[in-house]
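Subject: Structure handover

Hi,

Here is the structure I promised to pass on to you. Have a look at it first, and then read on for my notes.

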Amino acid sequence: MIRNPAVADQFYPGEPSVLSREVKGYLDREAEKREALAVIAPHAGYMFSGKVAGMAFARVKIPGRIILLGVNHRGIGAPVAVMADGAWEMPNGRVGMDGETARAVMKHSRLVKDDAAAHRYEHSLEVQVPFLQALRSDFLLTPIALSFLSYDDCEELGSAVAAAIREVGEPTLIVASTDMSHYESQMSAKRKDEMAIQRIEALDPAGLHQTVVQNRISMCGVIPVAVTLVACKALGASRCELIAYATSGDVTRDYDQVVGYAGFVVS
């Protein structure tokens, strides 16, 4: 299956040269790049969240394999849906699916199903790809779209992702896609987001899941991030650094109804 772009000319420019120029403008070319286990980045329209995403991606070396965990906003398909075969057609080139890694994840978790339909219209994963392509053109992608999961299921899936990375035995970057609080006042969003950010920085996936649920924080990608933290801890992570935080109010100057954006690097 070839998946065509679902949100080009909506969340980001669909014309290749314009897209390349915009993404490069968000990347800090002077940033020191290091090997990392994961990047956590936002997935809104680039005019709102592109700067935060770019600041995070600019600080990591992009390996040849990427596991991309995002939110299934539409609820189409399996609750944990990987696309194992085919390719994604993007404005700046086709990205092949990493069947080896996808099948390794499925082998280690009963939750994961091969379901391309869940990916067809989903933006949370697609918007990360141009940043990856700007930094490396020859990577393979394992995209996984996630609905809401219990924390026990996050543990299972995160452990499976780590086991798959170890089994394949090649450098792999996990990318977790999330926005933070939605449609809160600037003050409320920052207060709630700080609670979640503290748990992420502490490499505390159980605490993050609990904090978001108990405080009703509208962080859409809490599940991708929790799964990522479980996997990173299993792979020996010792540090999670907040690279940037912003809200849509920083762009629109409307501070009554904002969305929060945060970028992290896990190493």
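Below is what I found, going from the whole chain down to single residues.

Please keep in mind that this is a predicted model. The protein has ten helices and twelve strands. Its radius of gyration is 17 Å, close to the 18 Å that the globule rule gives for 267 residues, so the protein is as compact as a globular protein of that length. The C-alpha trace spans about 45 × 45 × 35 Å along the principal axes. As for burial, 58% of the 267 residues count as buried. The exposed surface comes to about 10600 Å², with 48% of it supplied by carbon and sulfur atoms. If you look at contacts between residues at least 6 apart in sequence, 81% of them join residues at least 24 apart.

Now to the aromatic rings. The count comes to five aromatic pairs. One of them is Tyr46 with Phe131, a tilted pair with 5.0 Å from centre to centre and 55° between the planes. This pair links distant parts of the chain: Tyr46 belongs to helix H2 (residues 46-57) and Phe131 to helix H5 (residues 129-135), 85 residues apart.

Next, two helices. Helix H6 (residues 151-168) has 18 residues, which at 1.5 Å a residue should span 26 Å; the end C-alpha atoms are 26 Å apart, so the two values agree. Buried residues in H6 include Tyr151, Cys154, Leu157, Ala160, Val161, Ala164, Ile165 and Val168. An α-helix has 3.6 residues a turn, so residues three or four places apart point the same way. Just after H6, Gly169 takes a positive phi of about 75°. In helix H3 (residues 99-108), the buried residues are Gly99, Thr101, Ala102, Ala104 and Val105. Which elements cover the buried residues of H3? Among them are strand S3 (65-71), strand S4 (80-82), strand S8 (140-146) and H6.

Leu37 sits in the loop between helix H1 (16-26) and strand S2 (38-41). Leu37 and Val266 are 229 residues apart in sequence, yet their C-alpha atoms are 5.6 Å apart in space. Leaving aside neighbours within four places in sequence, Leu37 is in contact with Val266 and Ser267, and also with Thr172, Leu173, Ile174, Cys232, Leu235, Gly236 and Ala237.

The other one is Ser248, in the loop between strand S11 (240-247) and helix H10 (249-252). Its relative accessibility is 8%, and Ser248 therefore counts as buried. What does Ser248 touch, leaving aside its neighbours within four places in sequence? The contacts of Ser248 are with Phe48, Gln257, Val258, Val259 and Tyr261.

Happy to hear what you make of it.

Best wishes

Methods: Residues are numbered from 1 along each chain as its sequence is written. This is a predicted model: local features need pLDDT of at least 70, side-chain atom pairs count only at pLDDT 80 or more; totals for chains, interfaces and linings use all residues. Side-chain values use heavy atoms; hydrogens and water are left out. Rings of Phe, Tyr and Trp (its six-membered ring) pair if their centres lie within 6.5 Å; planes under 30 degrees apart count as stacked, over 60 as edge-to-face and the rest as tilted. Helices (H or I, at least four residues) and strands (E, at least two) are DSSP runs, numbered from the N terminus. The radius of gyration is taken over C-alpha atoms; the globule rule is 2.2 Å times the number of residues to the power 0.38. Buried means under 20% relative accessible area, exposed over 50%, partly exposed in between (1.4 Å probe, protein chains only). Contact means heavy atoms within 4.5 Å. Accessible areas come from the Shrake-Rupley method with a 1.4 Å probe; for residues, only the protein chains shown count as cover. The expected span of a helix is 1.5 Å times one less than its number of residues.
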